[in-house]
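I set out to record what I looked up in this structure. The entries follow in the order in which I made them.

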Amino acid sequence: MNERSSVVNRIAKGAGIAVTFSTAMPRLGLASLFICLLSGIILSFYYRPFGNVFQNVEEITSLVPYGWFFRQIHYITGQAFVFLMLFHTVDHFVRRRYRMYPAGEWTGLVTALIACFLTLFTGFILKGDKEGLFAGTILLNMLDTIPMAGKWLSRIFVGSGDAFFFLPYLHHCLFLPVITAYLIRGHVSAWLPGKGFAAVAFVAAGTYAILVDPFMDIPPEAQAQIVTGPWFFLGIQTLLKSWNPFYVGILLPCVFVVLVLIIPAVSRFSGRESRFKAKSGIAEKGLYWAILAASGAYLILIVKALVNGP
Amino acid sequence: MKRREFLKKWMSSTLYAAGAAALAYPALSFMTFRRAKTREVVFGQNDQGADINHKEGVYLIGTGDKIRALSAKCTHLGCLVNYNPLTRRFECPCHGSVYDITGKKLKGPTTRGLDELPLTKNSDGSITVKVEI
Ligand code: FES
């Protein structure tokens with residue numbers, strides 16, 4: 001625990017413009033997370049993951065008093081949290097700060113980031129519109145392609161028939177937030193936002209909710225020429241057009257995550273006086289650039305898909 | 001580490017792993033159990049007006065004795081395909097698979113055609129199609 005907080009404190013105590021930016025990001029992110037959780041609790045009083053989910057969401061947006069406001073606040077703060085956490089991770093990574101983390105803590109934090117993306121993905125499914133329905137179906141069928149464990153894994157994430165939305169709901173509201181909170185519990189103590197950050201996050205999210213209309217939800221029975229997934233899935237959606245779903249949707253992301261997970265361990269070898277020092281130094285550099293190149297390529301795919309469609 | 005200590009450690013880890021597996025297996029079996037279910041889609045006479053009719057994820061194609069039912073579920077990753085009356089093809093809005101009017105794969109990432117579904121003609125002229133959930 002001491003080692004853990006000292007890592008975070010050393011980073012938080014930095015000075016200069018770049019570091020100020022670095023330290024503001026996680027605080028704003030956490031402030032967004034608190035607002036997101038609060039608005040989620042409010043929404044759960046009307047949201048039902050059974051029956052006509054699309055109609056339920058439409059009622060929240062247009063019938064229930066201030067439903068549109070809480071839906072938009074929940075949406076934007078969730079996006080902001082994951083976005084800022086992603087920036088925070090990239091910021092750490094680019095500065096090679098993974099070298100300071102014990103392997104266990106690094107693994108926990110990377111897993112927390114994955115859990116955050118899964119929370120966004122399940123939230124996308126829970127809209128209950130055509131996009132949400134297709135996203136859930138694609139997730140189910142992609143997990144199904146995993147040899148041996150596929151059937152089990154897919155059934156853990158997505159239900160069938162009337163209960164289609166129930167499992168994503170359970171993951172979105174319970175399992176994933178609990179896992180994330182558990183994994184970041186020690187790490188966030190140095191980043192807790194003060195009143196200032198909370199106020200900035202609330203005003204920004206509130207302004208967004210008031211000024212921006214919710215996205216048009218496509219009714220499940222309507223015909224749509226193109227149906228797209230959440231923004232971070234667009235790269236995979238593009239690749240799925242020509243590649244095998246198992247390689248693109250499961251294997252590639254897993255290999256990427258494994259590379260990110262092992263880099264602190266590799267760097268530790270290169271930092272030590274040993275006969276492997278030179279070789280592991282090269283391996284760390286190779287891994288570092290491979291991860292950056294893969295992330296850059298994926299970002300280009302997302303931007304391309306946002307501009308031209310997947 | 002002495003051989004005896006090593007053996008002891010190895011045995012206790014194996015026992016823990018076996019215990020965890022013994023608990024995990026029934027838990028996972030429970031969590032992932034699904035009862036096989038089918039639903040029925042009934043095309044009344046009014047639903048059979050055109051040579052391509054769509055209802056609740058099922059396409060009814062043709063007329064008279066040559067009538068067939070196709071699942072609208074894309075065989076790639078399960079999105080529902082649209083029927084394009086201009087090209088007389090089924091097109092998937094997710095990753096672009098295209099099927100001809102008989103359900104045969106024409107292009108795209110899917111590896112096979114649309115699934116044909118069993119149908120029953122009822123005495124009142126309606127048609128019942130069974131779909132697995
Ligand atoms: S689900 Fe139809 S092409 Fe992928």
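In which hand does α4(A) cross α5(A)? I found that α4(A) passes α5(A) in a left-handed crossing (the near helix is turned anticlockwise from the far one by less than a right angle; clockwise would be right-handed). I noted the contact (heavy atoms within 4.5 Å): G78(A), Q79(A), F81(A), V82(A), M85(A), L86(A), T89(A) and F93(A) of α4(A) meet W106(A), L113(A), C116(A), F117(A) and L120(A) of α5(A).

The model is predicted: local features need pLDDT of at least 70, and side-chain atom pairs pLDDT 80 or more, while totals for chains, interfaces and linings use all residues. Residues are numbered from 1 along each chain as its sequence is written, chains are lettered from A and ligands numbered from 1 in written order, and side-chain values use heavy atoms, without hydrogens and water.

I then looked up the geometry of α4 (residues 67–94) and α5 (residues 103–125) of chain A: they pack at an angle of about 150 degrees, with axes 10 Å apart (axes are lines fitted to C-alpha atoms over the stretch in contact, and angles run from 0 to 180 degrees between N-to-C directions). That makes α4(A) roughly antiparallel to α5(A), a term for angles over 145 degrees.

In chain B I traced an open sheet of four strands, ordered β5-β6-β7-β8, with antiparallel pairing (at least two DSSP bridges between two strands). β5 (82–84) and β8 (105–107) of chain B stand at the edges with a single partner strand each, so one side of each has no neighbour in the sheet. Helices (H or I, at least four residues) and strands (E, at least two) are DSSP runs numbered from the N terminus.

Key:
Parallel < 35°, antiparallel > 145°, perpendicular 65-115°, else oblique.
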